[in-house]
Amino acid sequence: IMVTNPLWCQPLAGFQDSILRWLYGADPDGPMNLAIFMDARAVAGDASLLKQARGYALQSMAGSDAFFARFAAAIDQFSEPGGWWTRLATLRGREEPVFDLKKLGTFPIVHGVRSLALEHRLEEVGTAARLQVLVSRKHLPCDLARDLIDALHFLMGIKLKNNLRQKQLGQTLDNLSHLSNLGTLDRDQLKDALAIIKRFRLHLQLRYQLAT
């Protein structure tokens, strides 16, 4: 994507123009494009260019509560109605219950932490590293950050096992986990992970005054 899509192959001035559109334009993909950009790492060439572009983004969004609220609101993009887990765990027959490990699991954690990292101008890129700094600067409760890391690692582990199984069976790799493939302990941990994600969503909804 990065080397074939013109959006991601621009000179510094071009990225600066794109950043302003992502921040304040009407394109609904703007916040997610900015999220992709802010998670970029320099692996070759002049790393100072990325640093300058990221610095421009941070300077441009400084103090913009409206943007941070719009950016963080994506955590609810794939949310499910109340009582979803109960219905999911009790479905039978042809409607085998499935869980989207990315949309309902890792995404709200990663993007929620990314939102806080942007607001507080963190240089760290990884979710776990961002959580550690947020705790050290007292922007997030220590117990919530610990639980989020545990939930994220559990969900990543489930996805890895699921994809290895799919590869072995010659199936297309995806983010869907069939509950019939999970043992009792994994189901219990998945339920706990969902509770942690729900608590984190509530924290962000209160922080950014998002509609619930």
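# Close-up views of the predicted model

View 1. The side chain of Asp 147 meets that of Arg 199 in a salt bridge, 2.6 Å from N to O. Arg 199 sits in helix 9 (residues 184–208) and Asp 147 in helix 8 (residues 142–168), so this pair ties together parts of the chain that are 52 residues apart in sequence.

View 2. Asp 186 belongs to helix 9 and Lys 161 to helix 8, so parts that are 25 residues apart in sequence get tied together. Buried or partly exposed: which is Asp 186? With 18% relative accessibility, Asp 186 counts as buried. Lys 161, at 44%, counts as partly exposed.

**View 3. Arg 130 reaches Asp 39.** Side chains of opposite charge can pair when their charged atoms come close. The structure has seven salt bridges, and the one shown here joins the side chains of Arg 130 and Asp 39, at 2.7 Å from N to O. It links distant parts of the chain: Arg 130 is in helix 7, while Asp 39 is in the loop between helix 2 (30–38) and helix 3, with 91 residues separating the two. Arg 130 is buried, its relative accessible area being 4%. Asp 39 is partly exposed, at 22%.

**View 4. Arg 54, a buried arginine without a salt bridge.** Find Arg 54 in helix 3, which runs over residues 47–61. Which side chain of opposite charge is nearest to Arg 54, and how far away is it? That would be Asp 39, 6.6 Å away. A salt bridge needs the nitrogen and the carboxyl oxygen within 4 Å, and Arg 54, though buried, has no such bridge. Arg 54 does touch Asp 39, along with Phe 37, Met 38 and Ala 40, if you skip residues up to four places away in sequence.

**View 5. Helix 4 against helix 6.** The axes of helix 4 (residues 65–72) and helix 6 (residues 101–119) come within 9 Å and cross at roughly 165°. The two helices are therefore roughly antiparallel to each other, and helix 4 passes helix 6 in a right-handed crossing. On the helix 4 side, Phe 68, Phe 71 and Ala 72 make the contact; on the helix 6 side, look for His 111, Arg 114, Ser 115, Leu 118 and Glu 119. Ala 73 is in the loop between helix 4 and helix 5 (84–90), partly exposed with a relative accessible area of 35%. From C-alpha to C-alpha, Ala 73 and Ser 115 are 9.3 Å apart in space, though 42 residues apart in sequence.

**View 6. Glu 119 and its contacts.** Glu 119 has its place in helix 6 and is buried, with a relative accessible area of 19%. What does Glu 119 contact, leaving aside its neighbours within four places in sequence? Phe 68, Arg 207 and Tyr 208.

**View 7. Helix 6 meets helix 7.** Helix 6 and helix 7 (residues 127–136) have axes that come within 10 Å and cross at roughly 45°. That makes helix 6 oblique to helix 7, and the crossing is left-handed. Helix 6 brings Ile 109, Val 110, Val 113, Arg 114, Leu 116 and Ala 117 to the meeting, and helix 7 brings Thr 127, Arg 130, Leu 131 and Leu 134.

**View 8. Helix 7 alongside helix 8.** These two helices pack at an angle of about 175°, with their axes 9 Å apart. Helix 7 is thus roughly antiparallel to helix 8. Thr 127, Ala 128, Leu 131 and Val 135 of helix 7 make the contact with Cys 142, Ala 145, Leu 148, Ile 149 and Leu 152 of helix 8.

Technical notes: Residues are numbered from 1 along each chain as its sequence is written. This is a predicted model: local features need pLDDT of at least 70, side-chain atom pairs count only at pLDDT 80 or more; totals for chains, interfaces and linings use all residues. Side-chain values use heavy atoms; hydrogens and water are left out. Helices (H or I, at least four residues) and strands (E, at least two) are DSSP runs, numbered from the N terminus. Buried means under 20% relative accessible area, exposed over 50%, partly exposed in between (1.4 Å probe, protein chains only). Lys and Arg count as positive and Asp and Glu as negative; His and the chain ends are not counted. Contact means heavy atoms within 4.5 Å. Axes are lines fitted to C-alpha atoms, for helices over the stretch in contact, and angles run from 0 to 180 degrees between N-to-C directions. Angles under 35 degrees count as roughly parallel, over 145 as roughly antiparallel, 65 to 115 as roughly perpendicular and the rest as oblique. A crossing is left-handed if the near helix is turned anticlockwise from the far one by less than a right angle, and right-handed if clockwise.
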